[in-house]
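I opened the notebook to record a few look-ups, taken one topic at a time.

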Amino acid sequence: MKEFFLHKAYGLLLSSQIPLPELPMSEGHPDVSIRLGSVPDALTDSSITDNQVSRKAFLLHVHNVASYYIANGNEIIIEPKGDYDESGIRLFLLGSAFCALLQQKGYLVLHGSAVQIGGQGVLFTGASGIGKSTLAAAFYEKGYRILTDDVCAVSVDEQGMTSVIPGFPGVKLCKDTAEWFGRDIGGLEPVKRDVEKFRVAAGENFFDSIVPLNEIYILNAADIQNIDIKEIKGLHRLEAVIKNTYRYHFLQAQGVESLHFQQCAAVADKASVYTVQRPQSGFLLDELVSAIEGNIVYGNR
């Protein structure tokens, strides 16, 4: 009989055939099954080629790593490809595959990292490589608690209240950033073989409770000298939330465009949304943290 490991993420109990050291161990009746096996080459009812999506299933192919079949919000089947790279398999499992699973469960999934400040959820989003995880790590270093990294699940209740669901207890940092924070990369696991990006555990600074989503900061870099924070108003706020949805282009085939729009509208109504411009030539991390700290308004609008 094959051994399974019980882990917890996003409030879900996961029964996994592969160990997931990024996640805390747990016990109880699993909500999600993760196992190794064969996956289909294609979905017969998908309207998208390559990585495919239908109303109840998602098929993700990652060259030379694995193929992932995610179905009904409760099952993930992994078929490894090429030279077995367990860290690489986990990277895409806990990223794109888990995003699909959370979407199937009806969550709004935003592309960003979140921290808990004053009992509220503060989300950092923006283009890939802009520094979302780095900024979350900087808040972590100042004693704030991590809620999630990269994949942010947001729940919307019947009253339209929006909350961040705690995800993974850690962040992923590139080599230079990890060393800047004083981390010995020799003791850290790369997120993928031959990639100089590492997992940094949050430990006790992980906040494992649902909190209201209070503020969203959209990170940008520009040819400027100082940090500039501006609030987004009106319909532009809704547009910004939609734009920073994780894998937005796959939602149409799931038939959930209306639900997604309602969720984004609820977030735009309840959370303050800001653009943050930082200098292109320098991150100014300490200054950026201080500027956001000074801008935070406690309590929903």
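Entry 1, aromatic rings. I took rings of Phe, Tyr and Trp to pair if their centres lie within 6.5 Å, using the six-membered ring of Trp. The model I searched is a predicted one. With that cut-off, my search of the whole structure returned seven aromatic pairs. Which residues form one aromatic cluster? I noted Phe124, Phe139, Tyr144, Tyr217 and Tyr274 as its members.

I looked up residues 272–279, which make up strand 17. Is this strand mostly covered or mostly uncovered? I found it mostly covered, with six of its eight residues buried.

I then listed its partners. Strand 15, residues 211–222, runs parallel to strand 17, and eight bridges join the two. As one example, I wrote down Asn220, whose bridge partner in strand 17 is Gln277. Strand 16, residues 228–231, also pairs with strand 17, in the antiparallel sense and over four bridges. Here I noted Ile229, which has Val276 as its bridge partner in strand 17.

How many disulfides does the structure hold? I counted zero. Cys99 is in no disulfide, and the nearest cysteine sulfur to it, that of Cys152, is 11 Å away.

I recorded a volume of about 910 Å³ for the largest pocket. Its lining comprises 44 residues, and Ser133, Asp149, Lys172, Val191 and Lys197 lie nearest its centre. Which element gives the most to this lining? Helix 1 does, with six residues.

I also listed elements that each supply at least two lining residues: strand 5 (57–62), helix 1 (86–104), helix 2 (132–141), strand 13 (170–174) and strand 14 (197–201). Sorting the lining by class, I got 20 nonpolar, 13 polar and eleven charged residues.

Conventions: Residues are numbered from 1 along each chain as its sequence is written. This is a predicted model: local features need pLDDT of at least 70, side-chain atom pairs count only at pLDDT 80 or more; totals for chains, interfaces and linings use all residues. Side-chain values use heavy atoms; hydrogens and water are left out. Buried means under 20% relative accessible area, exposed over 50%, partly exposed in between (1.4 Å probe, protein chains only). Two strands pair if DSSP finds at least two bridges between them. A disulfide is a pair of cysteine sulfur atoms within 2.5 Å. Rings of Phe, Tyr and Trp (its six-membered ring) pair if their centres lie within 6.5 Å; planes under 30 degrees apart count as stacked, over 60 as edge-to-face and the rest as tilted. On a 1 Å grid over the protein atoms alone, a cavity is a set of points where a 1.4 Å probe fits but cannot get out, and a pocket is an open set with protein on both sides within 12 Å along at least five of seven lines; lining residues have an atom within 4 Å of a point. Grid points are joined across faces, edges and corners, and a volume is the space filled by probe spheres set on the points. Ala, Val, Leu, Ile, Met, Phe, Trp, Tyr, Cys and Pro count as nonpolar, Asp, Glu, Lys and Arg as charged, and the others, Gly among them, as polar.
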